[in-house]
Amino acid sequence: MHRHDFLQALAVLPFASLMNSLQDLHKTASSFQQTAKMPVLFVGHGSPMNALADNPFTQTLHQLGQDIRNLQPPRAVLVVSAHWLTRGTFVAVNERPETIHDFGGFPQELFDMQYPAPGAPDVAREVLQALPDAHPTDEWGLDHGTWTVLHHIFPEADIPVFQLSIDYYKPITYHAKLARQLQFLRRRGVLILGSGNIVHNLRQSMPRFMQNDATPHAWAVEFDAWAKTKINQRDLAALAHYQQAGASGPLSVPTPDHYIPMLYSLALAEPTDNIRHAYEEVSFGGMSMRTFVIG
């Protein structure tokens, strides 16, 4: 389902029915035991074609998935993706979320791909309780910001997955505050993953992409380095006001949709957490693939 279809569906969405079914899960959800603290990821997902690729970036994702499984297999994965933008905050409660091919102009092989992970309506109920202004919906599945990444992290598609939308009409500082209300999930066995790109300027990237020229613009490298420093300092205030980086800020973040998921991930860091940059690359003019792990 595309974004405009989703927004049209909201007008007729049977919220009361959804809430009734979720209430049936309350006893089960509230009984979940605490676990060791799960890590948090931010992944610069880049082109959907990465779903088909075997390259250093996708190999890094594969290794991250193995490391997480070896440490503690997640009970569920909650994804905040740059590709689910809404008015208001929504939580997907599907038992079987569809694989959404929300792109065009790519090979049929990419459209044929499926990521048949189950949903996590039980965990969704926990999120809805923590975010009283959020709404349940079964009108969204797994967009390409989610499944093209999880295809490499958990290729078996055996871990339940659900998404939290980004209210695109809220100020950018709102999102870090909302993210902090999800801290408890880290001790409920839930892996939280932000999926976007810190530098994401398609207008400046497409000419080099079409020429297969991976050379980055100097301003993109500058901003990515600035963001890395602020991430390491856990300086959410500076990151929320990315114009402080100078001219490279507006060029690197012409719209905040791909930038906001990074704020969700970083806001979940606790004082004792390490932050490790698992993958660092700026390519094709204005595209940062920076990926980091918290905890």
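This is a predicted model: local features need pLDDT of at least 70, side-chain atom pairs count only at pLDDT 80 or more; totals for chains, interfaces and linings use all residues.
Me: What is the volume of the largest pocket?
Reply: Its volume is about 680 Å³. Of the 29 lining residues, the closest to the centre are Gly46, Ser47, Pro48, Leu202 and Met287. A pocket here is an open set of points on a 1 Å grid over the protein atoms alone, where a 1.4 Å probe fits, with protein on both sides within 12 Å along at least five of seven lines; lining residues have an atom within 4 Å of a point. The volume is the space filled by probe spheres set on the points, which are joined across faces, edges and corners.

Me: Which element gives the most to that lining?
Reply: Helix α9 does, with four residues. Helices are DSSP runs of H or I with at least four residues, and strands are runs of E with at least two, numbered from the N terminus.

Me: Turning to α13, is the helix buried or exposed?
Reply: Eight of the eight residues of α13 (residues 260-267) are buried, so the helix is largely enclosed by the rest of the structure. Buried means under 20% relative accessible area, exposed over 50%, and partly exposed in between (1.4 Å probe, protein chains only).

Me: How many salt bridges does the structure hold?
Reply: There are ten, each defined as a side-chain nitrogen of Lys or Arg within 4 Å of a carboxyl oxygen of Asp or Glu. One of them joins Asp273 and Lys37 (2.8 Å, N to O). Asp273 lies in the loop between α13 and β9 (275-279) and Lys37 in the loop between α3 (26-30) and β1 (40-44), so the pair ties together parts that are 236 residues apart in sequence.

Me: Are those two residues buried or partly exposed?
Reply: Asp273 is buried, at 4% relative accessibility, whereas Lys37 is partly exposed at 26%.

Me: Which residues are linked with them in a network?
Reply: The salt-bridge network links Lys37, Arg186, Arg187, Glu270 and Asp273. Within it, the side chains of Glu270 and Arg187 meet at 2.8 Å, N to O.

Conventions. Residues are numbered from 1 along each chain as its sequence is written. Side-chain values use heavy atoms; hydrogens and water are left out.
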